[in-house]
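Here is a briefing on one protein structure. Read it with the model open beside you.

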Amino acid sequence: MKNIEQNWINSFKKPLIISGPCSAETENQVLETAKKLDKNYIQVFRAGIWKPRTRPNCFEGIGQIGLKWLNKVKKETGLLTATEVANSTHVELALKYDIDIIWIGARSTVNPFTVQEISEALKNTTKIILVKNPINPDVDLWIGALERLINQGIKNIGVIHRGFSTYKSIKYRNTPNWGLALKFKKLYPNIPMLCDPSHISGNRECLFEVIKQAMSFKYEGLIVETHCNPDKALSDSQQQIRPEQFVEFLKNDLFKKTNSKTEMELEHIRVLISELDQNLIYLLSERMESSEKVAIIKKINNLLVFQPKRWKSLIEEYKTLGQKLCLSEKFIENIFKEIHKESINLQNKIINNI
Ligand code: PEP
Ligand code: MN
């Protein structure tokens, strides 16, 4: 897989921008949205035809008729077309309607049976097939999906980073894992990687920030959801923006910025640092939850909050580990003194019912 050249990306302007609604809803909505996407910036029109919805009885996609609308978009605007498939029937129809780019969604990537079925239905196709990351951060599952496609003689492949479902997520719908995406890119530099900031953000507020972060990682492209009337969208309405707004952003912000190489490199590292710092905060929060649990046991059993012997042995253990990882003794001591102090305060509050 490492050596498979992916030349398909070179036939597009870089970055490759794919945009369009989460779902095709009506012919008018599809055509209106497509016509507002400026072809100078956007090369491919996306629309979901079959929608994997978390709960039943929601809008589950318009089905086959939507593929006709995509054909119409291509004829009237010249944009290429892209849609998601989740089984062999979808594949047959997408091929029949000559969709240019087919993607496998996050909920399908997690299931090897589904990926195998899709891969077999796509056997030897020359279409471009993009694989979204699985909903959980399992790189092997992601790589496995690509291998299944390659095993069926599929040559033009790429991946989409759309974030991961996390147990605690405050800011994002699907937390990005830039570090993991970067590792993937290092392992397989030839495989084009796109970013899906819409499904990462889940809202309009942090969408542009995520796009900028993604671009600092030199992704080969973006897939962004746009809808001519986002508030009325039948799926993912909170994260969709108007096509005009997206075009404005591309024109005035993303492509206009003449960032120097140093600025780009700095931005790239800063995004990684901030991801690591945020992970530290999540860990600290989990750490304090454990302190709360320990406090309850201590309270029931009348044990002292501060256990000097345990603290001494732990701090020594941490310093040794820190040294092995090039972290100074003083640094480890300072950090853990603070964590310990906070933990003691918290436990005292619980024990004394404050
Ligand atoms: C989509 O692109 O509309 C979609 C369903 O995405 P994901 O598979 O990332 O959830
Ligand atoms: Mn969507």
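**A buried ring and its partners**

Phe249 has a relative accessible area of 7%, so the residue counts as buried (under 20% is buried, over 50% exposed, and anything in between partly exposed; the probe is 1.4 Å and only protein chains are included). The model is predicted: local features need pLDDT of at least 70, side-chain atom pairs count only at pLDDT 80 or more, and totals for chains, interfaces and linings use all residues. Residues are numbered from 1 along each chain as its sequence is written, chains are lettered from A and ligands numbered from 1 in the order in which they are written, and side-chain values use heavy atoms, with hydrogens and water left out.

**Aromatic pairs**

- Phe249 pairs with Phe208 in a tilted arrangement, 4.4 Å centre to centre and 35° between the planes.
- Rings of Phe, Tyr and Trp (its six-membered ring) pair if their centres lie within 6.5 Å; planes under 30 degrees apart are stacked, over 60 edge-to-face, and the rest tilted.
- Phe208 sits in helix 9 (residues 207-216) and Phe249 in helix 10 (residues 243-254), so the pair ties together parts that are 41 residues apart in sequence.
- Helices (H or I, at least four residues) and strands (E, at least two) are DSSP runs, numbered from the N terminus.
- Phe217 and Tyr219 make an edge-to-face pair, with 6.5 Å between centres and 80° between planes.
- Phe217 and Tyr219 are both buried.
- Trp142, Phe184 and Tyr188 are linked by ring pairs into a cluster.
- How many aromatic pairs does the structure hold? There are eight.

**The overall fold**

- The chain has 13 helices and eight strands.
- Of its 354 residues, 47% count as buried.
- Along the principal axes, the C-alpha atoms fill a box of roughly 75 × 45 × 45 Å.
- An unreviewed UniProt entry annotates residues 260-351 as "domain: Chorismate mutase".
- UniProt positions follow the numbering used here, feature names are shortened, and annotations may be inferred rather than shown by experiment.
- Residues 260-351 are 87% helix and 0% strand, and the end C-alpha atoms of this span lie 56 Å apart.

**The manganese site**

- Which residues coordinate the manganese ion (ligand 2)? They are Cys22 (SG), His199 (NE2), Glu225 (OE) and Asp236 (OD), at 2.1 to 2.4 Å.
- Donors are N, O and S atoms within 2.8 Å of the metal (3.2 Å for Na, K and Ca); water is not among the atoms, so sites may look incomplete.
- Along the chain, the donors of the manganese ion have the spacing C-x176-H-x25-E-x10-D.
- Cys22 and His199 link distant parts of the chain, 177 residues apart.
- Cys22 lies in the loop between strand 1 (16-20) and helix 1 (27-35), while His199 lies in helix 8 (residues 197-201).
- Cys22 is buried because its relative accessibility is 1%.
- His199 is buried too, with a relative accessible area of 9%.

**Around ligand 1**

- The residues around ligand 1 include Cys22, His199 and Glu225, along with Arg46, Lys51 and Arg162.
- A residue is near a molecule or strand if one of its heavy atoms lies within 4 Å of it.
- A polar side-chain atom of Arg162 is 2.6 Å from an oxygen atom of ligand 1.
- For Lys51, a polar side-chain atom lies 2.8 Å from an oxygen atom of ligand 1.
- An N or O atom in the side chain of Glu225 is 3.3 Å from an oxygen atom of ligand 1.
- Ligand 1 has 300 Å² of accessible area on its own, and the protein covers 97% of that.
- Accessible areas come from the Shrake-Rupley method with a 1.4 Å probe; for residues, only the protein chains shown count as cover.

**Backbone details**

- Most residues other than glycine have a negative phi, and most peptide bonds are trans.
- Lys14 and Pro15 are joined by a cis peptide bond, with omega about -5°.
- Pro15 lies in the segment before strand 1.
- Asn124 has a positive phi of about 60° although it is not a glycine.
- Asn124 sits in the loop between helix 5 (112-121) and strand 5 (128-132), and is exposed because its relative accessibility is 51%.
- Lys218, not a glycine either, has a positive phi of about 55°.
- Lys218 is found in the loop between helix 9 and strand 8 (221-225), and is exposed at a relative accessible area of 60%.

Methods. Polar contact = N/O pair within 3.5 Å; in protein donor to acceptor, adjacent residues only side chain to side chain.
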